[in-house]
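Reader: Could you walk me through this model before I set anything up with it? I will ask as we go along.

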Amino acid sequence: MKTLVRELTYSRPFAWFVLWPALWMGVMVFRRTGRTPWFAYWAMRRLYCITRGRSNRWLVRLLAAPPEAASPSVAGLLATVGEAERDAALDSLRRDGFVVLGRRLTDAQIESLIEFARSTPARLMPTPSDGPVIDRFDSKRPRAIKYDLPEPALIEHPVVQELLADRSLRDFARRYLGCEPINDLVAMWWSTAHSSAASSEAAQLYHFDMDRPQFLKLFFYLTDVTSDTGPHCYIRASHRERPAALWRDGRHQDEEVLRLHGADSEVEITAPRGTLIAVDTSGFHKGKPLARGHRLILQLEYTSALFGQEYARIRVPPSEFWRAEREANPVFMARFSVA
Ligand SMILES: O=C(O)CCC(=O)C(=O)O
């Protein structure tokens with residue numbers, strides 16, 4: 001019965017009579033308030049599956065800000081990447097859904113971020129049955145699979161601020177998204193070998209993200225990542241095409257995804273610490289459960305519009321960084337307000 005009702009929500013009549021009106025109403029509310037009603041967010045996710053992604057392209061045309069004119073020189077981590085190399089990277093990203101952009105952080109930057117991640121209390125996931133839910137990461141005695149660091153503290157870290165202000169990263173995202181990007185998330189977390197069973201909550205089962213109509217995630221590995229220490233895994237090209245049975249929201253078992261996509265479509269992204277990877281996580285991806293050790297990762301997300309999942313609006317202190325960035329980049333910094 002439950003399955004039948006669920007399947008009904010994927011049907012075309014349901015789409016025409018319920019989902020499209022809900023989405024349209026949500027767009028009107030969003031335009032007035034900057035907030036998306038839950039039913040419109042849900043409708044966006046369902047319609048994405050029913051229309052094979054076309055409804056999201058319509059949303060992007062409706063909501064995204066036009067791209068700023070490209071500047072000939074873009075300072076930052078990708079400044080040394082020539083035009084031809086950058087365009088080849090963008091082509092790979094469009095074709096495969098991800099691209100490895102090489103080792104981009106210095107040892108000093110990495111050490112400083114690791115020090116922050118060790119000393120800052122993080123939220124344990126899944127919630128442990130005993131002891132505190134907020135705790136510092138201890139590599140000798142991990143108490144959970146994931147330690148998620150708090151975003152308000154993270155965005156005050158000087159290296160994170162450098163990355164947020166990095167024009168070359170923003171330029172890369174702008175070219176991929178085809179519009180003026182907005183930052184909608186900065187995240188960092190430890191993954192551990194606390195349990196070998198894949199955790200759905202810690203995103204260790206295949207899924208696609210659909211918090212917004214279009215987005216790009218930049219991941220920085222902050223520890224060396226091998227096949228044993230939790231590589232980010234991606235099903236090549238699954239952001240563009242997928243078998244009919246996989247146009248369904250939710251977590252999917254490895255066996256199902258690999259059977260339907262072909263085992264050779266799975267890529268484990270192993271790389272040394274400091275490596276930058278751009279991923280369109282509207283394709284199937286997951287973190288592989290760790291066999292040993294731990295992994296620290298930093299993520300910056302760029303989106304076309306804040307429509308969709310509830311997002312954090314953060315009041316930031318009136319420091320020079322926030323004042324200057326907020327003023328120079330009102331679209332990119334839209335969810336931050338200076339106190
Ligand atoms: O930990 C990972 O590599 C997976 C992360 C993930 O699913 C996400 O950021 O959307």
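This is a predicted model: local features need pLDDT of at least 70, side-chain atom pairs count only at pLDDT 80 or more; totals for chains, interfaces and linings use all residues.

Reader: Fine. With that in hand, which strands does helix 5 lie across?

Author: Helix 5, residues 83–96, lies across strand 1, strand 6 (215–221) and strand 9 (275–279), and its direction makes about 140 degrees with that of strand 1. Helix 6, residues 107–119, also packs on the sheet, where it touches strand 1, strand 5 (182–192) and strand 11 (294–303) and runs at about 75 degrees to strand 5.

Reader: And what is the strand order in the open sheet of eight strands?

Author: The order is 1-9-6-11-5-4-2-3, and the pairing is antiparallel. Strand 1 (98–103) and strand 3 are the edge strands, each of them pairing on one side only.

Reader: Let me stay with strand 9 for a moment. How many of its residues are buried?

Author: Five of its five residues are buried, so that strand 9 is described as mostly covered, where buried means under 20% relative accessible area. Both of its faces are covered, with Thr 275, Ile 277 and Val 279 buried on one side and Leu 276 and Ala 278 buried on the other. As a general point, side chains in a regular strand alternate between the two faces of the sheet.

Reader: How many bridges hold strand 9 to strand 1, and how many to strand 6?

Author: Strand 1 and strand 9 pair in the antiparallel sense over four bridges, and Arg 103 has Thr 275 of strand 9 as its bridge partner. Strand 6 is likewise joined to strand 9 by four bridges, and these two strands run antiparallel; here Leu 218 has Ala 278 as its partner in strand 9.

Reader: Now the other end of that sheet. What joins strand 2 to strand 3?

Author: Two bridges do, with the strands running antiparallel. Ala 122 stands opposite Asp 135 in strand 3, while the bridge partner of Arg 123 in strand 3 is Ile 134. Strand 2 is also joined to strand 4, by three bridges and again in the antiparallel sense, and there Leu 124 stands opposite Tyr 147 of strand 4.

Reader: Is Pro 128 buried or exposed?

Author: Pro 128 has a relative accessible area of 15%, and because that is under 20%, it counts as buried. Pro 128 belongs to the loop between strand 2 (122–125) and strand 3 (134–135).

Reader: Changing topic, how is the chain divided into domains?

Author: There is domain 1, covering 1–63, and domain 2, covering 69–338. Their centres, taken over C-alpha atoms, are separated by 26 Å, and the contact takes 24 residues from domain 1 and 21 residues from domain 2.

Reader: At what angle do helix 3 and helix 4 pack?

Author: Helix 3 (residues 38–50) and helix 4 (residues 54–63) pack at about 125 degrees, with their axes 6 Å apart.

Reader: Last one: which strands form the open sheet of three?

Author: That sheet has the order 8-7-10, with antiparallel pairing. Strand 8 (266–269) and strand 10 (285–287) are its edges, each pairing on one side only, and the twist averages 20 degrees from one strand to the next. Strand 7, residues 232–235, pairs with strand 8 over four bridges, and Tyr 234 stands opposite Val 267 in strand 8.

How values were computed: Residues are numbered from 1 along each chain as its sequence is written. Side-chain values use heavy atoms; hydrogens and water are left out. Buried means under 20% relative accessible area, exposed over 50%, partly exposed in between (1.4 Å probe, protein chains only). Axes are lines fitted to C-alpha atoms, for helices over the stretch in contact, and angles run from 0 to 180 degrees between N-to-C directions. Two strands pair if DSSP finds at least two bridges between them. Contact means heavy atoms within 4.5 Å. Domain bounds come from an automatic or database domain assignment.
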